[in-house]
Amino acid sequence: MMYRISIRKCIYSILFCLGLVASAFAQEFRFTTTVSNNTVTQDEPFQIQFMLENGTNVTSFTPPSFKDFEVLQGPSQMQGQSIFNGKRSEYVALSYLLQPKHIGSFTIAGAQARVNGNVVKSNPVLIEVRKGNAQQQQQQQQPPASAGAYPSHRGQGGEDLPEGFLKKGEDINEKLKKNIFLKVDVDKTNLYEGQQLTATYKLYTRLPTNSSVTKVPAFKGFSAKDIELPNPPQATEERVNGIPYKVFTIRKTLLFPLQSGTLELDPVEVDNQVRLVKMVSNKRNNGGRGKDPFEDFFNDPAFKDPFFDDFFNRPEVEYQDVPYKIQSNPISITVKPVPVDGRPISYNGAVGKFNMTAVVDKNKLTTDDALTLKVTISGQGNVNLLNSPKIDVPAGFDKYDPKVTDDIEKNSNPLSGKRTFEYVLMPQEAGDHTIPAVEFSYFDPEANSFKTLRSEPFNIHVAQGKHVKQDKQDFGVARNELVKNDTGVLDWTRNHSWFILSPWFYILLLLPLLAAAGIILNKRRKDYNTTNAATLKLRYANKVALKRLELAARYLKEGKDKAFYEETSRAVWGYLSTKLKIPMADLSKQLVQEKLNVRHINGSNTHDLFSLIDNCEVALYAPGQDNRKMQGTYEQAVTIISNLEQALKN
C-alpha cells in the first residue's frame, strides 16, 4: 500500500513540475480596464476600454453596468497582434464613450469574459465627476508643455491640432518621414578586438502606429548577447532638436568584435501601420464655440502608447491607415587588434577587468583517487568567450579536458559574471608533487595594458593506493619460451560413406514440403483474421459511433463548438463507411445515397442524415454556435445513427 502511495506522489510531483515549466514559457495573460481620465466634469465625455491580451478561446464578454453614465458610443471592438523582440502578442479590446449623469465619485466594476472555459474579471476603476465646464477645467489642470505631451500645430481657427492630424494638402510622406524614424545608439565606434560595444536600436515616433520588426541585424564579425526588454514594450520620451518623441527600444545588444578591421552593424527594418486623422464634421458646440473633438481622445492613454490601441472611435473624424517601412542607418565600427608588444605568454584573448581564484579539493590523496583543480575567472568583459588557462602538471599526473560552467549576471551591462574551469588530475605515482601556479592574463582596454593574475603553487602528497602499477613486461632472452612442436606421426582415419544413407538427405528432402504447408496455413490464417475482423468491425460500428458521440458530448459541455462538430462529423461518416463498406477516401453523399437506395432505405432517414451532415459542415466554417443548437445536433446524431442501425439490420 505504501509503495502505491509513493508512486502516486511521484507522478503528481512530475505533473506539477511540468505544469510549472509550461506556465513559465506561456505568454502572460492580462485583462485590464483603462480610462482616458479618472477626473472629469459632468458634461465631459471620456473613454473606457477593456483589453484582453494573450487570451485563448474567448467565447463571451459581459461589460459592467454603466447606470451612472450615459453610453454615447460603443462598444467599439478591435483585435490584432504585434511582434516585438521576436515575441508575438495578441489582443482584443472593447471601448465605450461615456458621459457622467451625476456629480460624485463612482466605481465602474470590471468586465467579465470567458477565456478558455474560465471566467475572468478585469480591474475596477474609480471616476470622480465634478461641476464646471470640461474645457475650462482641462486648461486649469494642464501644466505647461510637459515632456509627455505630443507636439501640435495651430489650426486655421487658432486651435491646437495634434501631430496625427492630416491637414488638407499636406504631404503624407514628408509627414511620416519627419515624425517616425529609427536610430542606433552605440557607446563607442572605436575599440579593441574583444572589447564590449553596446548597440541600442530605438524607434522614435510622434504618430500613433502599430509596428513590427521585420528584419534584425546579423552582427557579422561579432559575438552578440541580447538584453531582455519588457514585453509589451514600454515607451519613454526623448527630445530631438527640442521636439519630444515617444521612444521604444527595439533591441539592445552587447557586442564583442571577433576580428580587427572595419565592421558594420546591419540596419534593422520596421513595418508601421500609421493612423492619421481627418476632420469630417464638428457638430457639438459649447458656448457658441465648436469643441475640438481631438481635445478628449488625444489625452487617452491609448494615444500615449501608439503601439497597441485604436482610439479613433468618434463620429466627427475619419482616419486613414498608411503603411510605412523604415530602416536604420548602418554603423561602421573600427576594431583595433590587441597590442602584440608586451603580450604575456599566458594571454589567450581575455579583454576587460577580471579576478581569478584557483583551488584544489584536496592536498593528500592516493593513487586510487582523483584531484580536482578549480579555476574561477570573474569580472567584466567577454566572460562568455574566455578560454581555459594553461595548466602545467607534474609528470606523475594525467590531466583531462576541463569542465566549463558559466554564471552570467542577467541583463548586466557591461557584461558581468564568472566562468569556472574544473580540471580532473589523476596521480600515477606516489610521492610529493608540486602543481605550478596557475597564471591568467588579460588586456585592460581602459588602462591600455596587459595584466597578469597568478595563484600560489599547490603541494600535493600522493600515497600508494591498492592498485599497484605493473612494470613493463621483459621480452628478453630466456624470459619467454615457445612450446615445443610435436613432430611425431598422427593417427588419421578416413571413413567412406554414402550421402543417400545419411539422415541429412531425408531432412533436406522434406524441407520443400514443410515450407509449402507453412505457406498454405499462413494464408488460411490471414484470410480468417481478415474475414473475422471485417465481421466484428461491421457488428460494432454502431457502438464505435456512439462512443465517438460521447466524446462530442464532452466537448459540448466544455463549450468547444469546433471540436464538437468535428467529432460529430467523424462519428457519422465513420459509421457510414463501416456499415456501407465504403472506403473513407471514396465517401460522398451521392455514393451513400446510392448504397442506401439499394437497401431500400430512404425517406426521413436519408433526409435527416444529410441535413445533419450539412449542419456540421456549416458549423465548422462558422464557429460560435448557440449551446442549445449544439445540444439539438447531438440528440439528432444519436437518433439518426440508432434509426439507421435498425433499418440496416432489417
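My notes start with the whole chain and then go to single spots.

**Entry 1: the whole protein**

I'm working with a predicted model, not an experimental one. I looked up the secondary structure and got eleven helices and 35 strands. The protein has 650 residues, and 38% of them are buried. For the accessible surface I noted about 39,300 Å², with 51% of that belonging to carbon and sulfur atoms. I also looked at contacts between residues at least 6 apart in sequence: 73% of those join residues at least 24 apart.

**Entry 2: two helices side by side**

Next I went to helix α8 (residues 561–579) and helix α11 (residues 627–649). Angles under 35 degrees count as roughly parallel, so α8 and α11 are roughly parallel to each other.

Who makes the contact? On the α8 side I listed Asp561, Phe564, Tyr565, Thr568, Tyr575, Leu576 and Lys579. On the α11 side I found Lys629, Met630, Thr633, Tyr634, Ala637, Ile641, Leu644, Glu645 and Leu648. I sorted the residues of this contact by type and got ten nonpolar, two polar and four charged.

**Entry 3: Arg275**

I found Arg275 in strand β21, which covers residues 269–279. Is Arg275 buried or exposed? Its relative accessible area is 15%, and the cut-off for buried is under 20%, so Arg275 is buried. I then checked its side chain and found a polar contact of 2.8 Å with the side chain of Asp321.

**Entry 4: Leu386**

Leu386 sits in the loop between β28 (371–381) and β29 (397–399). I put Leu386 down as buried because its relative accessibility is 4%. What does Leu386 touch? Leaving out residues up to four places away in sequence, I got Ala350, Phe354, Ile377, Arg419, Phe421 and Phe440. Ala350 is 36 residues from Leu386 in sequence, yet their C-alpha atoms are 5.9 Å apart in space.

**Entry 5: Thr606**

I moved on to helix α10 (residues 604–621), where Thr606 is placed. Thr606 counts as buried because its relative accessibility is 7%. With residues up to four places away in sequence left out, Thr606 touches Gln593, Leu596 and Ile601. I also checked Val592, 14 residues from Thr606 along the chain, and got 9.3 Å between the C-alpha atoms.

Background first: most residues other than glycine have a negative phi, and most peptide bonds are trans. So I went looking for exceptions.

Which residues does a cis peptide bond join? I found one between Asn413 and Pro414, with omega at about 5 degrees. Pro414 is in the loop between β30 (403–408) and β31 (416–427).

Phe219 is not a glycine, but its phi is positive, at about 55 degrees. I located Phe219 in the loop between β16 (209–215) and β17 (222–226). Phe219 is buried, at 4% relative accessibility.

Lys581 isn't a glycine either, and its phi is positive at about 55 degrees. Lys581 lies in the loop between α8 and α9 (589–598). Is Lys581 buried or exposed? I wrote down exposed, because its relative accessibility is 62% and the cut-off for exposed is over 50%.

Methods
Residues are numbered from 1 along each chain as its sequence is written. This is a predicted model: local features need pLDDT of at least 70, side-chain atom pairs count only at pLDDT 80 or more; totals for chains, interfaces and linings use all residues. Side-chain values use heavy atoms; hydrogens and water are left out. Helices (H or I, at least four residues) and strands (E, at least two) are DSSP runs, numbered from the N terminus. Buried means under 20% relative accessible area, exposed over 50%, partly exposed in between (1.4 Å probe, protein chains only). Contact means heavy atoms within 4.5 Å. Accessible areas come from the Shrake-Rupley method with a 1.4 Å probe; for residues, only the protein chains shown count as cover. A polar contact is a pair of N or O atoms within 3.5 Å; within protein, one must be able to donate a hydrogen and the other to accept it, and residues adjacent in sequence count only if both atoms are side-chain atoms. Axes are lines fitted to C-alpha atoms, for helices over the stretch in contact, and angles run from 0 to 180 degrees between N-to-C directions. Angles under 35 degrees count as roughly parallel, over 145 as roughly antiparallel, 65 to 115 as roughly perpendicular and the rest as oblique. Ala, Val, Leu, Ile, Met, Phe, Trp, Tyr, Cys and Pro count as nonpolar, Asp, Glu, Lys and Arg as charged, and the others, Gly among them, as polar.
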